[in-house]
Structure formats: C-alpha cells, structure tokens
Amino acid sequence: MRAVAVAELKAPPQLIDAPRPAPGRNEVLVKVEAAGLNPLDWRIADGMLDGTVPHEFPLIMGVDFAGRVEEAGPGVTRFAVEDAVYGQRLSSPVGSGTYAEYVVVPQDAPIAKAPDSVPLATSAGAPTAGMTALEIIDAAGLREYESLLVVGAAGGVGTFLTQLAAAHDLRVLAATRGHDQRRMGTYGAALAIDVQEHPLAERVRDEYPDGVDALVDLASGPEEFGSHAELVRNGGVALSTLRAADKDAVYARTVEAINFAHTSTPEVLEKLAAEIDSGRVIVPITTEVPLDQAPDAVARSKAGDARGKTVILA
Ligand SMILES: NC(=O)c1ccc[n+]([C@@H]2O[C@H](COP(=O)([O-])OP(=O)(O)OC[C@H]3O[C@@H](n4cnc5c(N)ncnc54)[C@H](OP(=O)(O)O)[C@@H]3O)[C@@H](O)[C@H]2O)c1
C-alpha cells in the first residue's frame, strides 16, 4: 500500500510502499478514505514520544482517520465490515499511522461510527481537534462562564472550540494572526482580534475592563501565557494546551491555571459525531490534498498559517 513515512526521527516525510497490515485479535482493518492533519503528527515524527513508547520505522505518520472497515479480526464486536468509522490511532508502537491506504485500529481505541451528515473525508478532520475542544469545555468548566478568550482560534482546535463555546452561549473573543473576523464570525465568535494589528491586552481590556471569565490558549509558551492569564478576572480560569500554565505564578493566586491533556475515548467521539450531525458544529475543512502531497502539507503546518483543518485523501 502507499503511505507517507519518515525513515528516522526528524527525517523528511516521504511517500513509500509499505506492506498492507492485517488485523489481529480485537482489531479492525480500516480502508482509509482520508487522514486529518494535526501538529501532533509532525511532533511525533520529530521525537515527541521518543523514549516513552516503542517506535517502528519507517514510521508511518498520522493519527486521525476516517474510512470503512475492510476486515474485522477475531473478537471484534463493536464494528462490522463496511461500517463507516472515524477516530484516532495513537496505539503503541508508534509508526502504524493513518497517512496510508489502510490502518489497523484496536476496537477499544478512540474509534466510532462516523457522523452521517458529512462525507467521510470531512469526518477525518474532526477527531483530535474536535475531541480536544469538547474535553476543554468540561476541563475548564466553560458552561459556567459568559466570556471566553481563545488564543490561536483560527486553527483546528480553535475553530471547534469557538463553535462549541458559542453554542453554549459564551461570548467568544477569537485571537488570531491575520484578518479572520468574517471566518471566525461564521463559527460564532463575537469578535476576532488580529494580534498582529492590535495589542491583544488593549482590545480585551476595551471589552472587559475587569477581565474575561475564561482563557483557552492554544498557541503560547509560558511567558506569553502569563500575560494572557492577566486578562482573566479574579475567580476565572486560564487553560493551556501547551503545558504553559504555571501553578506557582502570581496569576495562579487569582485564576485557576490548567495544563490540559486530552484523553480521547470512543464516548467523546460519539458525542462529537452527535454535535456534527446536529448541525451545531461544522468540521472546518479548508484544504484537501492527495497522499503524495502530504509531505508539503506537513511542511506548511510546521511553518504556521493553519486555517481550520487539512485532510489527506488516501
Ligand atoms: N494538550 C493536548 O492534549 C493537546 C491536544 C490537541 C492539540 N494540542 C496542541 O494545541 C495547539 C493547537 O492545536 P491545533 O490543532 O489547533 O493547531 P493548528 O491547527 O496548527 O492551529 C494553531 C493556530 O494558532 C495560531 N497562532 C499561533 N500563534 C498565535 C498567536 N501568538 N496569536 C494568535 N494565534 C496564534 C496559528 O496561526 P498561524 O498559523 O498564523 O501561526 C494557528 O491558526 C498545538 O500546538 C497542538 O499540538 C494539545
């Protein structure tokens, strides 16, 4: 089968010919229709999990997928051949990823029936970013609040989170790099702030002199996160997806500081499919590329300028 892999950690991704995998006990073989691209893909290929989980090479990249069950191994009860499924393949060993024509996934991994209302290739853009956004709503207790500042709002997690938060009646201030008012407005943001044109602190203080209720920061290191956390009112919450929150910092005396790590379960995926099918959440696909162009798409993701989601068609 065709796949996109790295020969060693930090090597450039390349199109390769790899053996088609076979499902073992409690595993399904999925014929991949599309893989969703996440920054996690190239972070893993650059060694993020080195030393913590076994790796195999060539390391086929990719975590998110959507496709149809081609074969079910012995013991599989959750799925049948031809089921349309989507999910996240993050099982050990690392290296049997989703930038490929086929992928084997344990049935107890985060895999679920794909949403009915969108094409399978669109579903491939949803698992990691959508589950992360859903879990952040609970982890930060966002339903209790009225205003939310999202930094890095234009990317994958940010567009899902903006939609989900707006659906829960939060007023979302979307901090982006570039002019995104119209696009973020369609996702329900009350205001998009181009951080390259306006000092973020000034714009937020104009709107909320006493601070916003909640901050979700998807883009900043510890120093910048600290200045963004200063924009949260006393008793509010500030969450980082990049482990940038410091519980010993001054801001953590007045604001709940959270370093978020997503867990991913079949149940969260099922909930995400229901949100998509209800029409409350649009899967924000902005780019579709064929498998042989995945290396260029990865390079673009590394360079920045992510707008919504990219999917790689197998
Ligand atoms: N902890 C967890 O469990 C977890 C789960 C999922 C994701 N993550 C991490 O969370 C981050 C976001 O994920 P993602 O999938 O949404 O990534 P993404 O699709 O690459 O989006 C990131 C967005 O942040 C923007 N951005 C970067 N710096 C900014 C700044 N200073 N101000 C405003 N916007 C800025 C980027 O804009 P430009 O493209 O213009 O730079 C891009 O639109 C990634 O680093 C990812 O690895 C963590």
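## Polar contacts between the domains

A polar contact is a pair of N or O atoms within 3.5 Å; within protein, one must be able to donate a hydrogen and the other to accept it. Between domain 1 and domain 2 of this predicted model, 4 residue pairs are in polar contact, both residues at pLDDT 80 or more. On the side of domain 1 that touches domain 2, the residues comprise 5 nonpolar, 5 polar and 3 charged.

The interface of these domains also holds 1 salt bridge by the rule. A salt bridge joins the side chains of Arg307 and Asp180, with an N to O distance of 3.5 Å.

## Domains and their interface

According to the domain assignment, domain 1 covers 2-126 + 283-313, and domain 2 covers 129-259. Their C-alpha centres are 29 Å apart. Domain 1 gives 13 residues to the contact and domain 2 gives 14 residues.

Together the two domains bury about 850 Å², with 55% of that area on carbon and sulfur atoms. Of the area that domain 1 buries against domain 2, 52% comes from Ala126, Pro284 and Arg307, more than from any other three residues.

## The ligand

The ligand is surrounded by 24 residues, and the closest are Arg43, Arg177, His262, Asp305 and Ala306.

A polar backbone atom of Gly156 is 2.9 Å from an oxygen atom of the ligand, and a polar side-chain atom of Thr241 lies 2.9 Å from an oxygen atom of the ligand. For Phe260, a backbone N or O atom lies 2.9 Å from a nitrogen atom of the ligand. The ligand taken alone exposes 920 Å², of which the protein buries 85%.

Technical notes. Residues are numbered from 1 along each chain as its sequence is written. This is a predicted model: local features need pLDDT of at least 70, side-chain atom pairs count only at pLDDT 80 or more; totals for chains, interfaces and linings use all residues. Side-chain values use heavy atoms; hydrogens and water are left out. Domain bounds come from an automatic or database domain assignment. Contact means heavy atoms within 4.5 Å. Buried area is the accessible area (1.4 Å probe) that two parts lose on being put together, summed over both. A salt bridge is a side-chain nitrogen of Lys or Arg within 4 Å of a carboxyl oxygen of Asp or Glu. Ala, Val, Leu, Ile, Met, Phe, Trp, Tyr, Cys and Pro count as nonpolar, Asp, Glu, Lys and Arg as charged, and the others, Gly among them, as polar. A residue is near a molecule or strand if one of its heavy atoms lies within 4 Å of it. Accessible areas come from the Shrake-Rupley method with a 1.4 Å probe; for residues, only the protein chains shown count as cover.
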